[in-house]
Amino acid sequence: MQTTTHILHRQIRGTLPVAIGGDGPYLIDSEGKRYLDASGGAAVSCLGHSHPRVIAAIKNQVERLAFAHSSFFTSEPAESLADFLVERAPPAIEHVYFVSGGSEAIEAALKITRQYFVEKGEPRRYKFISRRQSYHGNTLGALSVGGNMWRRKPFQPLLMASYHISPCYPYRDRKPEETLRQYGLRVADELEARIQTEGPETVIAFVAEPIVGASAGVLIAAPGYWPRIREICDKYGVLLILDEVMCGMGRTGTWFACEHENTRPDVVAIAKGLGAGYQPIGAMLCSNDIYDSISEGSGFFQHGHTYMGHSTACAAALAVQSVIEDENLLHNVRARGAELGEELRRRFAEHPYIGDIRGRGLFWGLELVADRESKQPLDPALNIHERIKQHAMSLGLLCYPGAGTIDGERGNHILLAPPFIITSEQVEEIGEKLAKAIDQAFLAVAAQL
Ligand SMILES: Cc1ncc(COP(=O)(O)O)c(C=O)c1O
């Protein structure tokens, strides 16, 4: 346990264990304690913490060339990684812009789509429509389109104007008389209404996570939602930016999460699972149409970061993605994901404080409630998410609980995103330890429930 520090940690008060090693899906601290990493941090470490092929690729790249600035050179790992991604990307997405993380990928998406319309002679387009209860990153542009009210609040005066519509959140918002599909179409139609209110000639793009991650604990859209969104975008010449920073790169059992939804994006942002935490890397992928307009227009994307296309980061990400392919890990994501879903339902379907269990692949959320019947959330003052995290850590389990699930203030959830190498026994270990952690956390606040 580190007691004194010069680091400005996320949580300024309190102390953190010191991570010193990794062993597959386990992290090890300086006291030798092992933690099963059932959330990959925040859905990052999709190959666990010690994959020999990734480590070898990094060493090999550093020995040859760690970094060459992208305004002077391209590099073999960056070119190969771009080829790899484009081969697996949604249709007509053939260009990759490498950055260092998710927020940067979103910033690049916002800027390239704005520049696209400027180059096309439509400079009046400047608005991005997005959804409440979404998270797109913490830099000011990404925070502006994000719909996580708690994260936005202190910075509100610094943010660009935002145009939010409802999330697709069937558990809370579907009316009893609606089918799932009717509900999905109703909320998708909010996009059309909003485009009309704002004036279609002013809207650049709709920005959304195909599956909402940390803000609302894995929200999967209702059937029909995404195809209708695409239809509306096409009708008004509005672009579709999909934020797959958390849900992409195999997390849901396919390379891109939008493959499940049969929906073609114009731009996709990826990060987290791209480098699996072995190196910091993200990417913005864009369509031929966007690329061609800029390449035939000004000839350059007016953007850039020092570390974009970093050779070592690209070599690591290429190794991560090659391992996923060579070891057929997408199959494991689907198979172990189904087991994890069963494990969670078996343990929690009747749990008095768990209202909803939802997920796809190895991406699962549990929504916590004070009362299952009324779906009333727990008192935010209980800080139940933080308590569950602490109890889980004591038991040697890492999960990713959050608050503000419903509207940025009310609601709690637990997010699980274990590595793609997880075994059936480890899936059971997650269920067992999580059940204990949840019970211990509720026992500690029993008097206040
Ligand atoms: C959906 C989504 N977009 C963007 C981001 C921002 O990524 P980063 O923290 O790498 O900047 C995150 C991070 O959690 C995310 O979940």
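Helices (H or I, at least four residues) and strands (E, at least two) are DSSP runs, numbered from the N terminus. This is a predicted model, in which local features need pLDDT of at least 70, side-chain atom pairs count only at pLDDT 80 or more, and totals for chains, interfaces and linings use all residues. Residues are numbered from 1 along each chain as its sequence is written, and side-chain values use heavy atoms, with hydrogens and water left out.

Q: How many helices and strands does the protein have?
A: The protein contains 14 helices and 17 strands.

Q: Why is the protein called as compact as a globular protein of that length?
A: Its radius of gyration (over C-alpha atoms) is set against the globule rule, 2.2 Å times the number of residues to the power 0.38. For 449 residues the rule gives 22 Å and the protein has 22 Å, so the protein is as compact as a globular protein of that length. Along the principal axes, the C-alpha atoms fill a box of roughly 65 × 60 × 45 Å.

Q: What makes Arg228 and Glu192 a salt bridge?
A: The term needs a side-chain nitrogen of Lys or Arg within 4 Å of a carboxyl oxygen of Asp or Glu. Arg228 and Glu192 meet at 3.2 Å, N to O, so the pair qualifies. Arg228 belongs to helix α9 (residues 225-236) and Glu192 to helix α8 (residues 180-198), so the bridge ties together parts that are 36 residues apart in sequence. The whole structure holds 29 salt bridges.

Q: Why is Arg230 called buried?
A: Buried means under 20% relative accessible area, exposed over 50%, and partly exposed in between (1.4 Å probe, protein chains only). Arg230 has 9%, so Arg230 is buried. Across the protein, 55% of the 449 residues count as buried, and both Arg228 and Glu192 are buried too.

Q: Which residues do salt bridges with shared partners join into one network?
A: The network consists of Asp189, Glu192, Arg228, Glu231 and Lys235.
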